[in-house]
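Hello,

I am passing a structure on to you, and I hope you enjoy looking through it. Please open it first, then read my notes below.

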Amino acid sequence: MAVSTDTWLDLADAPSIDGLRFRRPRRDAAEYEALAELIGVASRADDIPWFPSGAMLRDEWEDDPAVFDPGSDGIVAEVVGRLVAVAGTDRALRVGRPVYQAWGHVGPAWRRRGIGRAVLRENLRRANERAVTLGDIAARGRAEVRSLAGEAEPGHQAILTAAGMVPIRWIFLMLRPTLDDIPDTPLPTGIELRPVEPDQHRALILAEHEAFRDHWEHRDFSEAGFTALFERSELDTSLWVAAWDGDEIAGVVQSWIWADENERLGVQRGWLERISVRRPWRRRGLGRAITAEALRRLRTAGLADAMLGVDADNPTGALGLYAGMGFEVAQRSIIYGRPAPDSGGPVAS
């Protein structure tokens with residue numbers, strides 16, 4: 001019989017449930033598959049269209065240890081060997097400021113027993129610990145933390161509120177239920193579409209980051225994230241749209257197909273993950289044109305619908321653009337925040 005090498009964690013406020021224990025995630029294929037299944041079950045209960053495969057989860061968790069290291073930033077809860085919850089804390093620089101993202105998923109059968117509260121408290125503790133170690137805050141301060149809860153997740157919202165977090169932003173998932181009747185939107189004069197070539201990858205991503213600097217808490221460019229992006233097995237840059245004006249990149253759409261997730265959901269869906277237009281080319285119809293082209297490429301790939309996420313307060317009018325392109329709001333989520341003292345961070349709106 002194999003001997004377990006797990007180190008069990010003593011979580012503050014852990015509920016009294018026979019057999020409940022907490023540990024760090026194991027970094028093997030079987031664990032990733034089991035955790036992906038748990039997340040999928042939780043997502044289905046909350047009507048959230050996210051059903052990762054084990055491989056997708058591994059790729060996301062192991063992209064960049066400076067953002068998330070499963071061995072120190074993740075938490076797994078199990079009851080007599082059965083996985084019942086998973087949670088963790090990411091760190092990212094957003095407009096040059098370190099911000100921590102606390103997340104978690106509790107199996108539907110194990111909710112309202114205090115597990116969610118316990119793992120959130122551990123997430124917040126770990127965020128503070130990392131922030132002190134990395135010099136993000138003084139030892140007596142606290143980390144700036146975010147967390148996302150769906151509009152239809154009142155229990156999750158209640159846990160966040162009880163932890164002192166407040167709603168600060170709304171994020172919408174928008175669905176175009178069909179890829180028929182895509183508007184005919186011509187490119188602005190002087191703009192042309194070109195295939196994405198490997199020697200353009202860095203320029204395209206840097207152009208995206210420049211365009212997104214206007215957006216709320218844009219995540220800064222990182223070399224590790226850049227490298228991991230182009231190593232993903234799902235990558236198909238023939239779906240991407242790159243608009244050029246001479247030697248300048250004017251706009252980019254990153255489109256992705258998550259085949260494993262589609263199979264679990266029983267859909268044929270493409271995702272417009274990032275749509276960006278650089279400042280000098282805005283207000284000329286380029287955003288509509290490259291969005292329409294991205295939809296046409298998804299249709300050609302045999303897909304039936306398309307989805308994207310958008311900040312409800314997007315400063316460039318993206319919400320109206322997508323609505324005009326046939327997208328409908330399918331789900332609303334709330335970003336909760338806990339600002340660091342004197343950080344200039346969020347307050348309740």
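The protein chain has an average pLDDT of 92, and 95% of the residues reach at least 70. Residues 343–349 fall below 50, although this stretch has 14 contacts in the model beyond near neighbours in sequence. Where pLDDT is low, the predicted coordinates should not be read in detail.

Next, the inside. The largest nonpolar core is made of 29 residues, and Leu-272, Leu-286, Ile-290, Leu-308, Tyr-322 and Phe-327 have the most contacts inside it. Several elements each supply at least two residues of this core, among them strand S7 (166–176), strand S11 (269–277) and helix H10 (318–324). The largest share, six residues, is from H9.

Finally, the second largest pocket, which has a volume of about 180 Å³. Its lining includes Ser-43, Arg-44, Asp-47, Phe-51, Arg-269, Met-307 and Gln-331. Helix H1 (29–45) and strand S13 (328–338) are the elements that give two or more residues to that lining. By type, the lining residues are seven nonpolar, two polar and three charged.

Happy exploring, and best wishes

Conventions: Residues numbered from 1 in each chain as written. Predicted model: local features only at pLDDT ≥ 70, side-chain atom pairs only at ≥ 80, totals over all residues. Heavy atoms only, no water. pLDDT = per-residue confidence, 0-100. Contact = heavy atoms within 4.5 Å. 1 Å grid on protein atoms, 1.4 Å probe; cavity = no way out; pocket = protein on both sides within 12 Å on 5 of 7 lines; lining within 4 Å. Points joined across faces, edges and corners; volume = space filled by probe spheres on them. Helix = DSSP H or I, 4+ residues; strand = E, 2+ residues; numbered from the N terminus. Nonpolar A, V, L, I, M, F, W, Y, C, P; charged D, E, K, R; others polar. Core = buried A, V, L, I, M, F, W, Y, C linked by side-chain atoms within 4.5 Å. Buried < 20%, exposed > 50% of the residue type's maximum accessible area, 1.4 Å probe, protein only.
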